[in-house]
Amino acid sequence: MNIADIAKMAGVSRAAVSRYFNNGYISDEKQAAIRKVVEETGYRPSIQAQTLRTKKTKMVGVIVPKIASSSIGRIVEGMLFEFNKSEYRMILAVTQNEPKKEVEYLDAFNDKQVDGVILVATVFTAAHKRTLKSMSVPVVIVGQHLSGYCCVFHDDYHACYDLTKLLLEKGRTSLGYMSAMLQDKAAGEARYKGFCDAVCDMGRADLAENVVIADFTLASGYEKAGEMLDKCDELDGLVCATDAMAVGAMQYLREHDIAVPQTILVAGHGDSEITRMTVPSLITAHYYYEKSGRLSVRRLLDLLQHDESMAEEVKLGYEIVDLNG
């Protein structure tokens, strides 16, 4: 089967069939006739032929740091919701938290294998910035802010500021902070700065020294909780950069007969499903991850369909979730 066969069976011109498959305008009557033939024959146009003719692959490269992550999973779900409504499909590349792999995938996708790229970013090295500047396809960045590029990101700073302030208002006087690596401008630097500014504004600048650096895992949260207690033996509150760190810390505290939240109140970031299974429920910051995924796809499709180059920046808000009252 080819376009000529479809046109003959539907009683329309080859041009009408071509417009049908390329979302061009044709009358409702001709659309119905072509659709009937397509459904009866199971015909599908050749992707390779369309790519050669239009110079478009109808594919988008999506680069994520890992898949075993509640936040990344929710971002990707949001993307899929939008992709499934469009004619574009997603190629998922997972970097296993290696920034160098992000650059490698950007280079690979830049070789016209896709029409655009969505980067769920971790850090921005000099190599990242050089590669992004050389991209010949549009790029939308999710989860981080980079001036001059289309970005959909979160208000990490104020979320951590408000979490820290909440713990202080609950009467906790000796807080600690479990930070992500500061090279991560969002989960690392912005949330750390939110903690430091909050304790300073509340008249407790001395607490800004109670900081340890952890990885984005339960195991690291568990390990670093012990390090925090060695550093601050009067600890009565702990703010963590992620929910995974916080849940790992809670496990350490329980195993060492330290009551949560009576002795140490713990808070995290992300509002992941695991927080609803902890006892007590974890105080956390809810970010609109699904929405960020959906907005990133919409913005990229706008760039592809209208050949725009404006660098639009979208900062999403947050909610503090405290189910313990």
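This is a predicted model: local features need pLDDT of at least 70, side-chain atom pairs count only at pLDDT 80 or more; totals for chains, interfaces and linings use all residues.
Which side chain does the side chain of T122 join in a polar contact?

View 1. The side chains of T122 and E102 are joined by a polar contact of 2.8 Å. T122 lies in the loop that connects β3 (116-120) and α7 (126-134). Its relative accessibility is 12%, so T122 counts as buried, the cut-off for buried being under 20%. Setting aside neighbours within four places in sequence, the residues in contact with T122 are P65, N97, P99, E102, Q144, D184 and K185.

**View 2. The loop between α11 (243-255) and β9 (265-269), with D257 and P261.** D257 is a residue other than glycine with a positive phi, near 55 degrees. The relative accessible area of D257 is 75%, which means that this residue is exposed, as the cut-off for exposed is over 50%. P261 is found in this loop as well. The peptide bond leading from V260 to P261 is cis, and its omega is near 10 degrees.

**View 3. The loop between β9 and β10 (283-287), with D271 and P280.** D271 is not a glycine, yet its phi is positive, at about 50 degrees. With a relative accessible area of 10%, D271 is buried. P280 is also placed in the loop between β9 and β10. A cis peptide bond runs from V279 to P280, with omega near 0 degrees.

Key. Residues are numbered from 1 along each chain as its sequence is written. Side-chain values use heavy atoms; hydrogens and water are left out. Helices (H or I, at least four residues) and strands (E, at least two) are DSSP runs, numbered from the N terminus. Buried means under 20% relative accessible area, exposed over 50%, partly exposed in between (1.4 Å probe, protein chains only). A polar contact is a pair of N or O atoms within 3.5 Å; within protein, one must be able to donate a hydrogen and the other to accept it, and residues adjacent in sequence count only if both atoms are side-chain atoms. Contact means heavy atoms within 4.5 Å.
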